[in-house]
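Thanks for coming. I will go through the interfaces first, then the ligands, then a single residue.

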Amino acid sequence: MGKREFTIHVGPQHPALKEPENFVFKVDGEYVVDVEPRIGYNHRGIEKAMENRTYIQNLYIVERVCGICSNSHQTCYTQNVEELLGMEIPERAKYIRVLLAELERIHSHLLWLGVAAHEIGFDTLFYYIWRDREVVMDMLEEISGNRVNYAMPTIGGVRRDIAADKIPKYLKMLDVLEERTKFYKNICATEKTVLARADGVGFLSKEDAIRLNAVGPNLRASGVASDIRADSPYLVYDEIPWNVISYDSGDVFANVLVRVDETFESVNICRYCLEHLPDGPIRTIFSPLGKVPEGEAVSLVEAPRGELIHYIQSRGTDKPYRYKIRAPTLGNIPALCEKLRGGYIADIPIVLAGIDPCFSCTDRMVFVDEDRDKRWEMNGEQLRRYGVEWYK
Amino acid sequence: MIPPVLSSLIQVFIFPGFIFILSYAMFCEWVSRKFVARLQNRVGPLYTGWEGILQPLADSIKLLAKEDITPKAADKFVFALMPVAVFALPLTAIFLIPIQSLTNLWGYSPIVSFEGDLIIVLFLLSVIILSIFLAGWSSANRFGIIGATRAALQMLAYEIPLGIAMIGPAIFARSLSIGKIVEWQAQSMHNFLSAPNLMAIPVALLLAVGFIICTVCLLAELELRPFDSPEAETEIVHGWQVEYSGKKLGLLRLGHDVKLVLASALLTSLFLGGPIGPWPIPPVVWFLLKTAVCVLILSNASALFARLRIDQMLGGSWRYLAPLSILYIMAVQIIAGLM
Amino acid sequence: MAMAKELLKNAREKPCTLLYPFEKTAPPEGLRGKHVFVGEKCIGCGLCARVCPAFAIELLGGRGPKMSGMKVYLGRCLFCQQCEEVCPTGAIKLTTDYELAVLKQEDMVLVFERKPPEAKQPKKE
Ligand code: SF4
Ligand code: SF4
């Protein structure tokens, strides 16, 4: 380290990070020279907890991996279990799942927009956006019975139906959301101080985005039009007309635009779902104490933050034998470090927030032996033996 | 009749000195918080007193009762001294600004006045920022040091246009005393009303330009948005204040309020005619009204913008504000020469 | 300055803040809140306790006819409604009561009594 450089720690407690995570920045005056992420402050052992609970109980555990994309995790999980069961879910259930997923995307993207405004010190915009986000929150609350953890998808379908007489009201709420989002897009594009803080900040080239495995809006902001909903459609995304949004400039401003435009797309998808909701049952029965046949499955879902991967392994009991979750933020961290390098200290929060990080879904466990300066990881079998040894 | 010693003591400590200014500073904080909250569609402080008017006082009392922590690595003496300086310096500067005379209901005079007190005010403003720098630096926290350097950079960039803009009215009034400047404004207003002449228009225009430059610079001086990067919360965790807690933080907050009053009082006296107004209302009321308007202007700006980065801020100052202020002072010289 | 108009508009409007303990919004129909338990309906099958992902339900006195009541630990409950969904007789239900703040930890536990029907009370000693 040169004489002029010193390190600053952003996190695990820092106002710019809403979750505990540590980034060690090497800075030279106001410039960031290098950054080293340290994840693992919020490891909650969810995968292990899932191995100890039945398939029905796991529905609600997996929902709590993330507070904002809870529905994506649940959808991903149910898809996995249904694949193992060889179960086909009713059409109406599929539409309701898509509706929920898109409402969740609207809620997540508006939330992000507000947080981004807060990170660049534009609190007024933050308050307005969060006020208007309440519309979609109310809608979700009415449909599912809870603001955040909707608990809608279940194995075999969804748990609540959408009342036909409420649909006109929902459509009106969607209009309000669309209008307000247009207004905010206009503000972001014309307010000089916002442009000064977002345009050209946190650049990630297309090549780097692909090389570093960026996912989700972060990838699409670098000009790669890749979206799980289009690349390997699940549920009924292949029946619904919609577009993949991508922008080429690769900076924070492109991130804003991608997310705002995706909100518009989501509003349209929701409208389509509400207007074309097929009749029929909403679920096929899966016994709450049911067993799942032996096998393994992987399912992909486009969460608001990007590609979400769940893996399941069953040994024919009523509990999964192994469950593995790869949340989108983990995929985005290498790209994030690339974006931060060479920027200003002042841009750290907005670039960090630019990938819409969700660290508690990301955390991995690494063993560290400080005395011997060693780090290592363990696979499932090693971990099991380690546990047996420990308690012997 | 009150003996002169007692009268000066009252002036310094009660009215229009210490206690008056302090309560007015808290009132201004309340006005600004309430106003920003309403702009953002919130309610703002609500429960302490009528519409939360006692909230700033309650906050200060709470902070006084809190644990006061000094970091181990900090320079203890400087660390403890600087909050006092940040509080006392703007208070001293306000003593130089004419508000109300104690003996004559319709008269106004600063507590202390002499030829050149404008320069002293400018000097005190710089010393405030110097003490902010020392406060951040002595706390031996990395965020604090970054905040302190940013504050110093900001001072270098904005002190010059601020000084120049404040000299404008002084040139017109041909005096460096704030009291005389106020008198000049009253005089010329009187002249204009009794015999309107065209010369007043460029003067008024120039004063308006000076007012704008001064407002922008004072926003930077007060570390209000868009110039709040020395204490940017999401970036460097309140910058130079990060290690302060308890009593010291309470003093810093009060200091900030007093600075807000000082800034609006300066704007009022140099550009808006100070405590002078039509007859039936005493000067002190005029003064309070005008400063409240200035507080509203300052806090409106802080709701309207996003935070600028420090380099954009410095660039903006050197590229636009400094040349503008030099042009302004040249125009002022020419016009004043013609008069 | 793009926000100037919106700011002025909002300054004239009423703040959107609800002064919560004094003003309340009506919860939407179907909100998942506090539990109710109808002792007469319960058959003591214990399914609710078995499916609960948070282990928030405790049967008092064991399963079946012996069951004398039920404890619901609101502090653990996730309000997922799985207990209601699985109950064969609709004995346990979630209401829309969302105001669950209490001052003591003991109050976080709902204790329900169950008086088993007289006829079905075989007492084999
Ligand atoms: S609502 Fe869910 S968590 Fe709560 S008691 Fe019922 S099953 Fe358990
Ligand atoms: S409440 Fe319902 S599920 Fe629970 S023990 Fe009683 S009958 Fe069974």
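How many residue pairs are in polar contact across the interface of chain B and chain A? The rule finds three, with both residues of each pair at pLDDT 80 or more. That threshold is there because this is a predicted model, so please keep that in mind throughout.

Staying with chain B and chain A, the count of salt bridges is zero. On the chain B side, the elements giving two or more residues are α6 (142-173), α9 (233-236), α11 and α12 (310-338) of chain B. Sorted by class, that side has 11 nonpolar, four polar and nine charged residues. In total, 24 residues of chain B are in contact with 29 residues of chain A. The two chains bury about 2,400 Å² between them, and carbon and sulfur atoms give 56% of that. Three residues, B:R142, B:T234 and B:R309, supply 25% of the area that chain B buries here, more than any other three.

Now the other partner of chain B, which is chain C. Here 11 residues from chain B meet 13 residues from chain C. About 1,100 Å² is buried between these chains, 64% of it on carbon and sulfur atoms. In chain B, the residues losing the most area to chain C are B:R38, B:N41 and B:L304, which together make up 50% of what that side buries. Salt bridges across this interface number zero, and one residue pair is in polar contact, both at pLDDT 80 or more. Helices α2 (18-39) and α11 (283-304) of chain B each give two or more residues to this side. The largest share, three residues, comes from α11(B). By class, the chain B side facing chain C has seven nonpolar, two polar and two charged residues.

On to the ligands. Which residues surround ligand 1? They belong to chain C, and among them are C:H35, C:C52, C:C77, C:C80 and C:C83. That shell has eight nonpolar, two polar and no charged residues.

Ligand 2 has 13 residues around it, of which C:C42, C:C45, C:G46, C:C48 and C:C87 come nearest. Its shell has 10 nonpolar, three polar and no charged residues.

Last, one residue in chain A. A:S266 sits in helix α11 of that chain, residues 252-275. Is A:S266 buried or exposed? Its relative accessible area is 0%, so A:S266 is buried. Leaving out residues up to four places away in sequence, A:S266 touches A:E102, A:R105 and A:I106.

Key
Residues numbered from 1 in each chain as written. Chains lettered and ligands numbered in written order. Predicted model: local features only at pLDDT ≥ 70, side-chain atom pairs only at ≥ 80, totals over all residues. Heavy atoms only, no water. Contact = heavy atoms within 4.5 Å. Buried area = accessible area lost by both parts, 1.4 Å probe. Salt bridge = Lys/Arg side-chain N within 4 Å of Asp/Glu carboxyl O. Polar contact = N/O pair within 3.5 Å; in protein donor to acceptor, adjacent residues only side chain to side chain. Helix = DSSP H or I, 4+ residues; strand = E, 2+ residues; numbered from the N terminus. Nonpolar A, V, L, I, M, F, W, Y, C, P; charged D, E, K, R; others polar. Near = heavy atom within 4 Å. Buried < 20%, exposed > 50% of the residue type's maximum accessible area, 1.4 Å probe, protein only.
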